Structure formats: structure tokens, C-alpha cells
Amino acid sequence: MVGDLNPRRPLSGDHTCDVAIVGAGFAGLWTAYYLKAADPSLRVTLVEAEIAGFGAAGRNGGFVSAGIAGSGARYARASGWDEVLRAERETQRGVDEIGRVIAAEGIDCGYKKEGALNLATTEPQVQRLRARTEAKHRFGLGTDDYRLLTADECADFVRGAGGVLAGSFTPHSARVDPARLARGLAEACERLGVTIYEQTPAEQLGPRVVQCRSGRISADIVIRATEAYTIQERSQRRSFLPLYSLMIATEPLPQETWDELGWRDGMGISDLRHLYYYSQRTIDGRIALGGRGAPYRLSNPLSPENERDASVFQRLCETLREAFPAASQASITHHWGGALAVPRDWCTRLAFDRSSGLGFVGAFGGHGVTAANIMGRTMRDLIMGESTDLTSLPWVGHHTRNWEPEPIRFIASRLIAKTLDASDAYEERTGTPAKRARLVQPFLPPS
């Protein structure tokens with residue numbers, strides 16, 4: 001259970017406030033929370049088309065993890081590598097900051113920080129694992145941030161993972177139930193005095209006004225935090241690729257299965273396939289496992305129909321059986337998904353124009369649980385007119401070009417998914433790297 005899912009009252013008529021935030025996902029919630037905590041006199045209002053946490057905030061894999069979203073090299077072109085490393089360190093602090101707020105607000109969401117394990121099960125995956133870890137060390141992160149593990153060392157974290165050849169471990173990751181966190185954070189915002197209107201779709205955003213179906217909000221500052229749903233506005237259709245990530249969850253597993261798996265509670269596990277999986281041990285004793293590869297739909301890219309796909313479901317079930325043999329007979333009781341907002345360069349960004357009062361926070365591309373917290377604190381500082389370490393991070397003011405028009409985007413997304421799937425099959429069959437994967441690398445998140 002994730003608490004009370006009954007919608008809050010919708011907006012009705014005209015409303016006036018100091019700051020209006022559109023979108024009650026993590027970005028909007030954290031922005032509202034930190035603003036109101038910093039200045040209780042501010043009138044802060046959140047409007048949400050569904051309920052708080054309805055989108056990717058409540059549907060993700062529950063990794064509160066460090067790591068910047070997008071290409072460090074792209075950020076470095078404008079800011080330099082020292083600033084990129086500073087941003088990376090901020091994401092590490094963000095993991096702990098989220099834990100601090102959860103404890104302070106008494107949010108029951110299963111936060112537990114035990115790190116994350118990345119497993120390699122083929123020789124090409126081992127090669128990628130070593131290359132990525134060595135690159136992190138050259139970048140300035142130490143072995144206390146990311147360290148390589150032998151197969152035997154991996155067994156100290158999870159004994160029952162199948163076919164492990166090597167791995168890497170980072171302590172900068174925690175487990176959380178994301179839906180519980182989103183709903184709990186909304187309640188914390190209300191305790192501070194934030195007004196939240198749910199089931200209130202915003203039809204138009206502009207300087208100092210949010211026009212909703214059921215009313216109009218006048219505000220000195222208007223912040224867009226709509227993530228993938230931004231593309232529903234005609235002028236924003238090419239801003240993001242709404243990429244669905246799908247998940248499954250087992251029935252609660254008996255203690256003997258967990259004993260056989262030897263999986264540390266609170267530790268996330270993922271692998272290095274091109275269509276990789278990520279998984280957590282949930283607070284009620286299930287394995288929740290997700291992955292990419294859901295087909296992009298030309299006619300209706302954002303739809304409940306996209307939250308389930310038979311072929312992806314089958315692949316995730318097979319992955320579960322291969323990755324965790326002790327749970328191979330467990331029933332699959334849940335299958336769901338959510339849309340990520342993927343910008344053309346995969347880099348997150350934040351903008352605020354004081355003259356117009358308009359701001360944007362988002363473009364997380366799958367890193368939103370931690371990134372949204374950082375962005376919320378940063379937007380607070382920008383609105384308050386403060387120059388801080390946060391307001392000079394590389395993603396503040398970062399610009400990304402739009403995606404290609406349809407049907408080019410549709411054709412490319414389908415080809416990318418097929419290429420990655422074929423690359424994984426080739427590597428598992430031959431034990432050698434799939435060269436074809438390089439063809440789509442420019443469209444993928446940087447390693």
C-alpha cells in the first residue's frame with residue numbers, strides 16, 4: 001500500500017499565489033518542499049493532472065542513486081571537468097539528503113542505503129564493466145566510490161545471482177518505494193502549507209499564468225515540472241522522447257528463498273546488457289525487476305496502453321529466472337511501466353528566467369529520483385535570488401536541441417531497440433562484443 005490514493009480536490013475557479021508549479025512528480029514536489037521550508041510566507045501551489053506521483057515518480061525502479069544524467073563531456077565543454085566532478089559529488093550528497101528528509105518527515109517508504117551492484121555475465125559485459133569503472137577512476141572518483149569485484153566478491157553481496165563473472169559496487173545508492181515517497185512527500189508539502197490541486201490538467205503555461213481546465217492560476221513565478229508529459233503541449237512535442245521503462249514484481253518470497261539468494265536488503269542490482277535490467281528487494285519481500293525496450297508508438301506515445309507489453313514482459317520474466325534462479329518458480333503478480341523524459345542529448349537541465357518568472361526543471365532520462373531532489377534545491381535558490389554551489393552546476397541553463405520530427409524519431413527508436421536486442425543475443429551466443437551496437441551509440445545514454 002502507498003497510503004491514501006484518493007485524489008485531492010481539483011482547482012475550481014481563479015487562484016492567486018506567489019509560485020505555481022505544474023506537475024506533482026518528484027521535481028515539482030521537491031521544489032515546493034524546499035521553497036516553503038526556506039520561506040514559510042511564500043504562497044506555493046502545485047497543480048497535477050492526475051495525483052501526486054502518478055507519472056514516473058511513482059513507477060520507477062526505486063533506485064536513489066548517484067551519477068549525473070547525460071554526457072559529462074557535453075557538460076564539460078561549457079563548464080570544464082572539475083565542475084562535472086563537482087556535479088557528480090552533489091549527486092552522492094543527494095542520496096543522503098533524500099534519506100535525511102525521509103527521516104525528518106517520517107515518510108514510510110522503505111529507504112535503506114546499502115549501495116548498488118552492477119553484474120557482468122558475459123565477457124563483453126566484463127569488458128564494458130572494466131572500461132566504465134576505469135573511466136570513473138580517471139575522472140576523479142576513487143575505489144571507495146566505485147570498485148571492481150571478482151565473481152567471488154560479488155557473492156558476498158548476493159550469493160544466488162546466476163552466471164556472474166565480475167561486478168562493480170558503489171555505496172552511493174539506496175532502495176526506496178518510489179510511490180510511497182512521492183505520496184509522503186506530498187503530505188510533507190501540505191504540512192508546510194503548500195496547496196496541492198490534483199486532477200487539474202494545465203492546458204497552457206505562460207508568464208505569470210497557468211490556465212487549467214477548471215480555472216486559472218495567477219502567480220509571479222510559474223515552474224514547469226511536467227517531464228515526459230511536456231510533449232502533450234503542441235509547441236513542446238519534440239522536446240523529449242517519451243521512453244517507457246517497464247517492470248515486473250514477484251509474489252512475496254519466503255525467507256528460505258532470500259537465504260538462498262543471499263541478497264542484502266536495501267541493495268540494488270543491475271547488469272550490463274545493452275537492454276539492461278535493474279532490480280530491488282522490495283520492503284514487502286518481492287523482487288521488482290525492470291528494463292528498457294518497450295516499443296515507441298507513433299500515434300499515441302503517451303498512453304496507458306504503453307505501460308504493458310507482452311514481448312517485454314516475457315523478456316523480463318526470462319531475465320528474472322536467469323539472474324535469480326532461486327526465484328525462478330515465483331509467481332509474477334505485477335506488471336507496470338512509466339514514461340521517462342529523454343532529451344536529445346540525455347542531459348538533464350534547469351532554467352529560470354526572472355524577468356518572465358518562468359522556470360523549467362526536468363529532463364531526467366531515468367535519473368530522476370536523486371536528480372529531482374538536487375533540482376528542487378537548486379530552483380529554490382534561483383527563485384530566492386541566491387548564488388550558491390547549486391546554482392552554478394553544469395546543468396543550470398544547459399541547452400538541448402529538439403528531437404528529429406516524426407516519423408524519423410519513430411523509425412530510429414524502433415531500429416535502436418531491435419539493434420540492442422540483437423546485440424545482446426549475439427554477445428550471449430558468441431562471447432564477443434557486438435559491433436552493431438556501435439551504430440546506435442550516438443542515440444543512447446552515455447556510459
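In what follows, a residue is called buried under 20% relative accessible area, exposed over 50%, and partly exposed in between, with a 1.4 Å probe and protein chains only. By that scale Ser79, at 30% relative accessibility, counts as partly exposed.

Good morning, colleagues. The structure is a predicted model, in which local features need pLDDT of at least 70 and side-chain atom pairs count only at pLDDT 80 or more, while totals for chains, interfaces and linings use all residues. Residues are numbered from 1 along each chain as its sequence is written, and side-chain values use heavy atoms, with hydrogens and water left out.

I begin with the chain as a whole. Its secondary structure comes to 11 helices and 18 strands; these are DSSP runs numbered from the N terminus, helices being H or I with at least four residues and strands being E with at least two. The radius of gyration, taken over C-alpha atoms, is 21 Å, close to the 22 Å that the globule rule gives for 447 residues, so the protein chain is as compact as a globular protein of that length. The rule itself is 2.2 Å times the number of residues to the power 0.38. The C-alpha trace spans about 60 × 45 × 45 Å along its principal axes.

Of the 447 residues, 57% count as buried. The accessible surface comes to about 18,700 Å², and 49% of it belongs to carbon and sulfur atoms; the areas come from the Shrake-Rupley method with a 1.4 Å probe. As for contacts, meaning heavy atoms within 4.5 Å, residues 24 or more positions apart account for 76% of those with a separation of 6 or more.

Next, a helix pair. How do the axes of H4 and H10 cross? Helix H4, residues 81–105, and helix H10, residues 368–383, have axes that come within 9 Å and cross at roughly 90°. That makes H4 roughly perpendicular to H10, a term used for angles of 65 to 115 degrees, where under 35 is roughly parallel, over 145 roughly antiparallel and the rest oblique. On the H4 side, Glu90, Thr91, Gly94, Val95, Glu97 and Ile98 meet Val369, Thr370, Asn373, Ile374 and Arg377 of H10. By class, this contact has 4 nonpolar, 4 polar and 3 charged residues.

I turn now to the loop between strands E11 (215–224) and E12 (241–250), where Thr230 has its place. Is Thr230 buried or exposed? Its relative accessible area is 2%, so Thr230 is buried. Leaving aside neighbours within four places in sequence, Thr230 is in contact with Arg224, Gln236 and Phe240. Glu227 lies in this loop between E11 and E12 as well. Its phi is near 45°, a positive value in a residue other than glycine, and Glu227 is buried at 17% relative accessible area.

Two further backbone features deserve mention. Ala363, in the loop between strand E18 (358–362) and H10, has a positive phi of about 65° although it is not a glycine. With a relative accessible area of 0%, Ala363 is buried. The peptide bond from Glu406 to Pro407 is cis, with omega near 5°. Pro407 has its place in the loop between H10 and helix H11 (408–430).

Ser79 and Gln211 are 132 residues apart in sequence and, C-alpha to C-alpha, 37 Å apart in space.

How values were computed: Axes fitted to C-alpha atoms, helices over the stretch in contact; angles between N-to-C directions. Nonpolar A, V, L, I, M, F, W, Y, C, P; charged D, E, K, R; others polar.
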